[in-house]
Amino acid sequence: QLQLVESGGGLVQPGGSLRLSCAASGFSLDNYAIGWFRQAPGKEREGVSCLSRSGGSTNYADSVKGRFTISRDNAKNTVYLQMNSLKPEDTAVYYCAAVLIRAPFMCSMRSSSYGSWGQGTQVTVSS
């Protein structure tokens, strides 16, 4: 059974860092593009970053460019989202998602493109 489990969220002060993990089980991430999304209270889910199946292509939302970095460790079947210089507006529940894809260098920032989702992890940025 395909499963994604996020971890690494928590409470951090503005300017701090967190690293989110998305561990996959039941399938190999080698054949999947991965996306990170977030949803703040009262707001729609938005794409934060995505990583192609090959790992050779990435995309970032303008609001996180230069602060967040997506990466993968195929040996651990895990995708990471390193978040630096966190701001209060980064507060949200963060989700990872996966989609089986043939194209090695494509990934989507649209939630409708993904069929498998984790349960989410809360990130709160506050002093």
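Tutor: What follows covers the disulfides, one phenylalanine and the strand pairing. This is a predicted model, in which local features need pLDDT of at least 70, side-chain atom pairs count only at pLDDT 80 or more, and totals for chains, interfaces and linings use all residues. Residues are numbered from 1 along each chain as its sequence is written, and side-chain values use heavy atoms, with hydrogens and water left out.

Student: Okay, how many disulfides does a search of the whole structure find?
Tutor: The search finds two, where a disulfide is a pair of cysteine sulfur atoms within 2.5 Å. Cys22 is bonded to Cys96, with the sulfur atoms 2.1 Å apart, and Cys50 is bonded to Cys107, with an S to S distance of 2.0 Å.

Student: Which pattern do they follow along the chain?
Tutor: With bonded cysteines counted along the protein chain, the pattern is 1-3, 2-4.

Student: Where do Cys22 and Cys96 sit?
Tutor: Cys22 is in strand 3 (residues 18-25) and Cys96 in strand 9 (residues 92-100), so that the pair links distant parts of the chain, 74 residues apart. Strands here are DSSP runs of E with at least two residues, numbered from the N terminus.

Student: And why is that disulfide called right-handed?
Tutor: Because the torsion about the S-S bond of Cys22 and Cys96 is about 70°. The torsion for Cys50 and Cys107 is about 60°, so that disulfide is right-handed as well.

Student: What parts does the Cys50 and Cys107 pair tie together?
Tutor: Cys50 lies in strand 5 (residues 46-51), while Cys107 lies in the loop between strand 9 and strand 10 (116-117), so the pair ties together parts that are 57 residues apart in sequence.

Student: Are these cysteines buried or exposed?
Tutor: Cys22 and Cys96 are both buried, meaning under 20% relative accessible area, against over 50% for exposed and partly exposed in between (1.4 Å probe, protein chains only). Cys50 is also buried, at 0% relative accessible area, and Cys107 is buried at 17%.

Student: Changing topic, where is Phe37?
Tutor: Phe37 belongs to strand 4 (residues 32-39), and its relative accessibility of 1% counts as buried.

Student: How many bridges pair strand 4 with strand 9?
Tutor: Eight, in the antiparallel sense, where pairing requires that DSSP finds at least two bridges between two strands. Tyr32, for instance, has Leu100 in strand 9 as its bridge partner.

Student: What about strand 9 and strand 11?
Tutor: Strand 9 and strand 11 (residues 121-125) run antiparallel and are joined by three bridges, with Thr121 in strand 11 as the bridge partner of Tyr94. Strand 9 also runs antiparallel to strand 10, joined by two bridges, and Ala98 stands opposite Ser116 in strand 10.

How values were computed:
Helices (H or I, at least four residues) and strands (E, at least two) are DSSP runs, numbered from the N terminus.
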